[in-house]
Amino acid sequence: MAIKLPIVDKARSEGRVVLTEVESKEFLKSAGIDVVDTRLATSKEEAISISQQLGFPVVLKIASPDIVHKSDDGGVKLGLETANQVGEAYDQILGAIRQKHPKARVQGVAVQKMARPGVEVIIGMSKDAQFGPVLMFGLGGILVEVLKDVSFRIVPLSRRDAAEMLREIKGYPLLEGYRGQEAVDISHLEELLIKVSDFVEKNPEIRELDLNPVFAYSDGAIAVDARVILEEGK
Ligand code: ADP
Ligand code: MG
């Protein structure tokens, strides 16, 4: 049965199909998928107090359903170490967005823990007219954007599909550790792919999903950015 969440209803009642990062992460978390703890602040004071609760360093990001590439437009500030820096980042983000996207609906600013560096991977889902939901896996950054080094499988994924998806990409050796980089827990990533497959299977109202990036570690993996797009009018 589909998980009924107030965030989905809220988006629909506002005539939106795009969930913000905060909403998307909440949705994923409810399905047992690890995401960086992320909360919405609607004032500078609130952003500072959330940072203090989470513990520094933190990241601030614009929270708007109309802004897809947050960092391209000055909407992301990483590695904030103090309350002062959080306050400044809050003003800078809202200032930049007001200038570049004056019409964007802004919910506030998302405050989250700065995750420790890992191997950046991407997990996506889109719907194919013939095959229905299809999962995509790739390594983050230029490997996906320039080299299109990605693999695909039709949902639902078997364990074997998940194992093949990881090993099929040319960049696979990077997951096994490269030049001192941490080797990632491959079986954990396989399980994550299966979880995402289950998640989209149980929630047919999701049209598109993007976990970009997920930081993969030797002892787990966590999504630091997420976006869910719902089917129109359901
Ligand atoms: P965009 O909308 O531009 O994709 P992201 O949320 O993905 O914005 O942030 C841009 C980049 O900043 C990410 O690819 C990642 O490298 C880094 N980043 C984002 N959130 C975090 C975080 N919580 N901890 C550490 N790095 C992060
Ligand atoms: Mg991203």
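The following legends describe close-up views of a predicted model.

The model is predicted, and local features need pLDDT of at least 70, side-chain atom pairs count only at pLDDT 80 or more, and totals for chains, interfaces and linings use all residues. Residues are numbered from 1 along each chain as its sequence is written, chains are lettered from A and ligands numbered from 1 in the order in which they are written, and side-chain values use heavy atoms, with hydrogens and water left out.

**View 1. An open sheet of four strands in the order E1-E4-E2-E3.** The pairing in this sheet is antiparallel; two strands pair if DSSP finds at least two bridges between them. Strands (E, at least two residues) and helices (H or I, at least four) are DSSP runs, numbered from the N terminus. Strand E1 (38–41) and strand E3 (76–80) stand at the edges with a single partner strand each, so one side of each has no neighbour in the sheet. On average, neighbouring strands are turned by 25° against each other, direction ignored. Strand E2 (residues 58–63) is joined to E3 by three bridges, and valine 58 stands opposite leucine 80 in E3.

**View 2. Helices H3 and H4 against the strands.** Helix H3 (residues 44–54) lies across E1, E2 and strand E4 (108–113), at about 160° to E1. Helix H4 (residues 83–100) lies across E1, E2, E3 and E4, at about 25° to E2. Contact means heavy atoms within 4.5 Å; axes are lines fitted to C-alpha atoms, for helices over the stretch in contact, and angles run from 0 to 180 degrees between N-to-C directions.

**View 3. The surroundings of ligand 1.** Ligand 1 is surrounded by 18 residues, the closest being Lys61, Lys70, Ser71, Lys113 and Ala115; a residue counts as near if one of its heavy atoms lies within 4 Å. A polar side-chain atom of lysine 61 is 2.7 Å from an oxygen atom of the ligand. For serine 71, a side-chain N or O atom lies 2.4 Å from a ligand oxygen atom. A side-chain N or O atom of glutamine 112 lies 3.1 Å from a nitrogen atom of ligand 1.

**View 4. The magnesium ion (ligand 2) and its protein donors.** Asn212 (O) and Asp225 (OD) lie 2.2 Å from the ion; donors are N, O and S atoms within 2.8 Å of the metal (3.2 Å for Na, K and Ca), and water is not among the atoms, so sites may look incomplete. Asparagine 212 belongs to strand E8 (residues 206–217), whereas aspartate 225 is in the loop between strand E9 (220–223) and strand E10 (226–230). Asparagine 212 is partly exposed at 34% relative accessibility, while aspartate 225 is buried at 17% (buried is under 20% relative accessible area, exposed over 50%, partly exposed in between; 1.4 Å probe, protein chains only).

Methods:
Polar contact = N/O pair within 3.5 Å; in protein donor to acceptor, adjacent residues only side chain to side chain.
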